[in-house]
Amino acid sequence: MNTSADMPMIRVREVYKSFGDLKVLDGMSFDVSRGEVLAIIGPSGSGKSTMLRCLNFLEEHDAGEIFIEGEPLGYRVLDDGSRVRESEAVIARMRCDVGMVFQSFNLFPHRNVRQNITMAPVSVKGVDKAEANDRAEALLEKVGLAEKADEYPSRLSGGQQQRVAIARALAMEPKVMLFDEVTSALDPELVGEVLTVMQQLAEEGMTMVIVTHEMQFAHDVSDRLMFIDRGKVLEEGNPAEVLNMPKSARLKDFLHRFSASFS
Amino acid sequence: MDAILDFFGFAFIQSQLPRFWDGFRLTLAISGASMIGAVMWGLALVGPRMSGLPVVVVPIVAYIELVRNTPLLLQIYLFYFGLPLLGLPLSAFVCGVIAIASQHGAFLCEIYRAGIQSISRQQWEGALALGMTRRKAMRQVILPQAVLKVVPPIGNQLVILIKDTSLVSAIGIIELTLSGKMVIERSGASFEVFLFIAAAYLLLTTTFGVVLRIAENSLRARQ
Ligand SMILES: Nc1ncnc2c1ncn2[C@@H]1O[C@H](COP(=O)(O)OP(=O)(O)OP(=O)(O)O)[C@@H](O)[C@H]1O
Ligand SMILES: [Mg+2]
């Protein structure tokens, strides 16, 4: 039987994506199982962000299929091989299950922290306002910002903003969380507080896909690590093995820049 | 002192106040009606204008360019003399208001559009990633931010609108400007009268500017 419990949380099959003449995803395939933390590393321009953005259909793949818990994302492929775009309502509903945290936070500057967190649960899922507020308080507690509920985003540090962004995504109770270089825009001393929150989430069993340049963090937190280059998966496997025993010249080259061993 | 007041025709202006008052009230009425019309018309246009559907976008762009790039006076004549030919003999007042609202609505549509487009793609993505439809994202995330940005340019446009109401004097509406002209024709006291009329417009536009500033600040405070 095909219950959702047997399905991988995310299944990516032969996904292609070009921007004009530039081929960015060149036949990507991988699975992410329930509760797994997958880290994606790769050189700049290799297609990491594009792949991640395809996982909630902010970027629309040209060919191939993506499934979230077995349900096709964005397009349905018909028997004759042609595909039909899903309606906006269906796409929006699927995005509720896939939380995303951006490098640039993308908080809503015209709303305070609490309203940033409750807006989508209330307007999209119809959650009762009082309940959404309670939940926002709990999430802020969790990310260590309980006292900031009434602040506006512009009055927070980058690290605090990013933790609010994580809380905002979690408020939708997603099944998967996507992180796209969420510490890259932060001052070095603020990186730790965000990584701590992510680590805690991983330990709680959240399914996560993390694009990062923080190799040590990827090593410590992920269950599996994937190196992509020019839109293809070049190596993947146990993080320690991939990082300490790279097989391809491309990965050796890439890791050389970080010149550290990972333990 | 008396000599100075006399130089500005103070006593004379005072004697003509009832005429000016009628004109002033008409200018107020035309300004108010045209403003409401222009703001609504601009709102009605901006959705289709940004729909991305060529069958809708092309005619709207053509219309906007046409009314923005031809004289308003001409458009007032067109409505006033053209509509009766189409079997719609509307009053001069209504024709004037329609013409002004039509042109300024087109300008406002472009101002609204610029405001909406000034909100970054990241804001859209933040909203969509949370499962909002484009409609919800527009209403809850994009528009509230865009509104604040466009209040000042909308204000500028509406000040121009107030001044443009003087053009309906061309189709015989005795608003502020024409009431002045009629007084002049009778008395020949052109300098004093025009100065007085200018002051009346200035009063109108600055009052409006202050009201707008207050509205903007309260909007900002509420967000
Ligand atoms: N919307 C777009 N239009 C055109 N080209 C794009 C677009 N988005 C990405 N690209 C290009 O696609 C390629 C892959 O981009 P992507 O952002 O996925 O790389 P990345 O691996 O995330 O890189 P980085 O580490 O710098 O974030 C780059 O060459 C980029 O310039
Ligand atoms: Mg990227």
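Contact is taken here to mean heavy atoms within 4.5 Å. The structure is a predicted model, in which local features need pLDDT of at least 70, side-chain atom pairs count only at pLDDT 80 or more, and totals for chains, interfaces and linings use all residues. Residues are numbered from 1 along each chain as its sequence is written, chains are lettered from A and ligands numbered from 1 in the order in which they are written, and side-chain values use heavy atoms, with hydrogens and water left out.

In chain B, residues of α5(B), among them B:I100, B:F107 and B:I116, meet residues of α7(B) that include B:M138, B:V150 and B:D164. The residues of this contact divide into 16 nonpolar, four polar and one charged, where Ala, Val, Leu, Ile, Met, Phe, Trp, Tyr, Cys and Pro count as nonpolar, Asp, Glu, Lys and Arg as charged, and the others, Gly among them, as polar.

Elsewhere in chain B, the C-alpha atoms of B:S15 and B:T206, which lie 191 residues apart along the chain, are separated by 26 Å. B:S15 is partly exposed, at a relative accessible area of 46%, whereas B:C109, at 0%, is buried; buried means under 20% relative accessible area, exposed over 50%, and partly exposed in between (1.4 Å probe, protein chains only).

Over all chains, the structure holds zero disulfides, a disulfide being a pair of cysteine sulfur atoms within 2.5 Å. For A:C54, the nearest cysteine sulfur is that of A:C96, at 19 Å, and A:C54 is itself buried, with a relative accessible area of 0%.

How values were computed
Helices (H or I, at least four residues) and strands (E, at least two) are DSSP runs, numbered from the N terminus.
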